[in-house]
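Subject: Structure for you to look at

Hello,

Here is the structure I promised to pass on. Please open it first, then read my notes below.

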Amino acid sequence: SCCFNLLQASSVLSLLNKVVTLLYKGEYCSCLDLCQPALDKIWEELNTGYWKDVPLCWRQAYSLVSLAKALCESALLSEPGRNIDHAVILRTCDMGLLMGAPILGNILAKMSREFQRAFGILGQWRRLSETAQDDTLTSNGGVDVHKGLNRFSKLQSNKESNNITKNVQKSSEVGSQEPVVSSPKVTFPPRVHTQKTNEIPQCSCPSVEMFQAMFMDEGHPVIITNAIGYWPALTTRRWSLDYLRSVAGCRTVPVELGDRYTEESWTQKLMTIGEMIDQYVTKSNVDKAYLAQHQLFDQVWELKDDISVPVYCCLGEDEDVDINAWFGPAGTISPLHQDPKHNFLCQVMGTKYVRLYSEEHTECVYPHASRLLHNTSQVDVDDPDLEKFPKFKDVPCLEAVLQPGEMLYIPPKHWHYVKSLDVSFSVSFWWQ
């Protein structure tokens, strides 16, 4: 009733009623013309105060109008003078997914998938994979598991390693090989010589019980190997820039612009993944762009099909697992910060340098005092000011280069700094 009163008091409820009535009457032109003012009105409410404090009803209202707008646009697809194409419709769905809240069984995500299929823009990798999956069906309708597994590409090629990197085996790629992106040379952050530095330990696919006893309960970070190598994202539909363009290039996402979110010049911009790749990822000497901490897999289900929630997340008390995407060119940085939940950082494309500091040394990493940045250190790991932050010089740390197919466990409130060494795509799983 509180939400109802909010909508009614702002006159949005009347707009919603008109939009829905026109939609049901089939008056698509009039309905579409009314959708934008309704979205503009709701947008104002969504951008008042902190996002987490916005009443859910405003986000649901935004989703409802976005749904009506997308349906009208699809009905008017061939209407002269409307300039509506598949990109327009998918952007409407994406804006509803980004700014709204799931309604009617997350219908906007379902519509997005169906629109992509209808417009035939899922790309060659998806079609090849679906054909391969169909081929594994036996005559009686079951699945020939052994035949399906034999289609997995064999691990191949080793990568040069330095004193803190490991050799990594890469699976072959479905589809044609894309040109290598020329990345600028990315340097590791300097070591503070007074800090005791060790490598993050590794463990090959421990049992759930072993992981809990040795790492989770003890609050010890670990790189888990041989645990996610079966993901389609690493095998039959191995992620690459061409694959991402093919499957999600037309999808609108919020992209961070700037070296790091702690700087005043940092901002965000809505663009398609294809635009991000063409303007920022494949070009050097431009501003950094980062698709960071975005729930892309709730938006693009085709990519969600390529990954799986790690089995160790079953140890959480809450069934909900937050899945976030981290995608960008070489040199993108997540400043030293901490998160309140257990975190599995899974590397799919490229490599990332990671440095960790234990929660017990929180005072020595000098967290910001402000509410907005309270979980972020004031220390610039790439250029630490030891005169301003003297306690930082004696804090022990762990470091590693995370390779494709590896999964880093970061305990709750463990301080971590992350830097992409190549064009990189990581997936994080937050759970508690």
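Strand S8 (residues 289-294) and strand S9 run antiparallel, joined by 2 bridges. His-294 has Ala-325 of S9 as its bridge partner. Please keep in mind throughout that this is a predicted model.

S9 also pairs with strand S16 (residues 424-431). That pairing is antiparallel too, and it runs over 7 bridges. Gly-328 stands opposite Ser-424 of S16. How much of strand S9 is buried? The count is 6 of its 7 residues (322-328), so the strand is largely enclosed by the rest of the structure.

S16 has strand S11 (residues 342-349) as a partner as well. Again there are 7 bridges, and again the strands run antiparallel. Here Asn-343 faces Trp-430 of S16.

These strands belong to an open sheet of 9 strands. The order is S4-S5-S14-S11-S16-S9-S8-S6-S7, with mixed pairing. Which strands stand at the edges? They are S4 (202-204) and S7 (267-272). Each has a single partner strand, so one side of each has no neighbour in the sheet. On average, neighbouring strands in this sheet are turned by 30° against each other, direction ignored.

Trp-430 deserves a look of its own. This residue lies in strand S16. Is Trp-430 buried or exposed? Its relative accessibility is 12%, and a residue is called buried under 20%, so Trp-430 counts as buried. Setting aside residues up to four places away in sequence, Trp-430 touches a list of residues that includes Gln-293, Asn-324 and Trp-326. Also among them are Asp-320, Val-321 and Asp-322. Asp-339, Lys-341, His-342 and Asn-343 are on the list too. Take Asp-339: this residue is 91 residues from Trp-430 in sequence, yet their C-alpha atoms are 8.9 Å apart in space.

There is another open sheet, with 5 strands. Its order is S3-S13-S12-S15-S10, and the pairing is mixed. S3 (197-199) and S10 (333-337) are the edge strands. Each of them has a single partner strand, so one side of each is left without a neighbour in the sheet. From one strand to the next, the twist averages 20°. Within this sheet, S12 (residues 352-357) and S13 (residues 397-402) run antiparallel and are joined by 5 bridges. Val-354 sits opposite Ala-400 of S13.

Now the helices. Helix H10 (residues 241-248) is mostly covered, with 6 of its 8 residues buried. The buried ones are Leu-241, Tyr-243, Leu-244, Ser-246, Val-247 and Ala-248.

Helix H6 (residues 107-119) holds Ser-112. How accessible is Ser-112? Its relative accessible area is 0%, so the residue is buried. Apart from neighbours within four places in sequence, Ser-112 is in contact with Leu-90, Cys-93, Leu-97 and Arg-251.

On cysteines: the structure holds 0 disulfides. Cys-313 is in none, and the nearest cysteine sulfur, that of Cys-314, is 8.0 Å away.

Some totals for your notes:

- The protein has 13 helices and 16 strands.
- Of its 432 residues, 50% count as buried.
- Its accessible surface comes to about 20900 Å², and 50% of that belongs to carbon and sulfur atoms.
- Among contacts with a separation of 6 or more, 77% are between residues 24 or more positions apart.

Last, the confidence. The average pLDDT is 85, and 82% of the residues score at least 70. Where does pLDDT stay under 50? That stretch is residues 133-177. The model has 81 contacts beyond four places in sequence for those residues.

Best wishes

Note on methods: Residues numbered from 1 in each chain as written. Predicted model: local features only at pLDDT ≥ 70, side-chain atom pairs only at ≥ 80, totals over all residues. Heavy atoms only, no water. Pairing = 2+ DSSP bridges. Helix = DSSP H or I, 4+ residues; strand = E, 2+ residues; numbered from the N terminus. Axes fitted to C-alpha atoms, helices over the stretch in contact; angles between N-to-C directions. pLDDT = per-residue confidence, 0-100. Contact = heavy atoms within 4.5 Å. Buried < 20%, exposed > 50% of the residue type's maximum accessible area, 1.4 Å probe, protein only. Disulfide = S-S within 2.5 Å. Areas by Shrake-Rupley, 256 points an atom, 1.4 Å probe, with all protein chains shown as cover.
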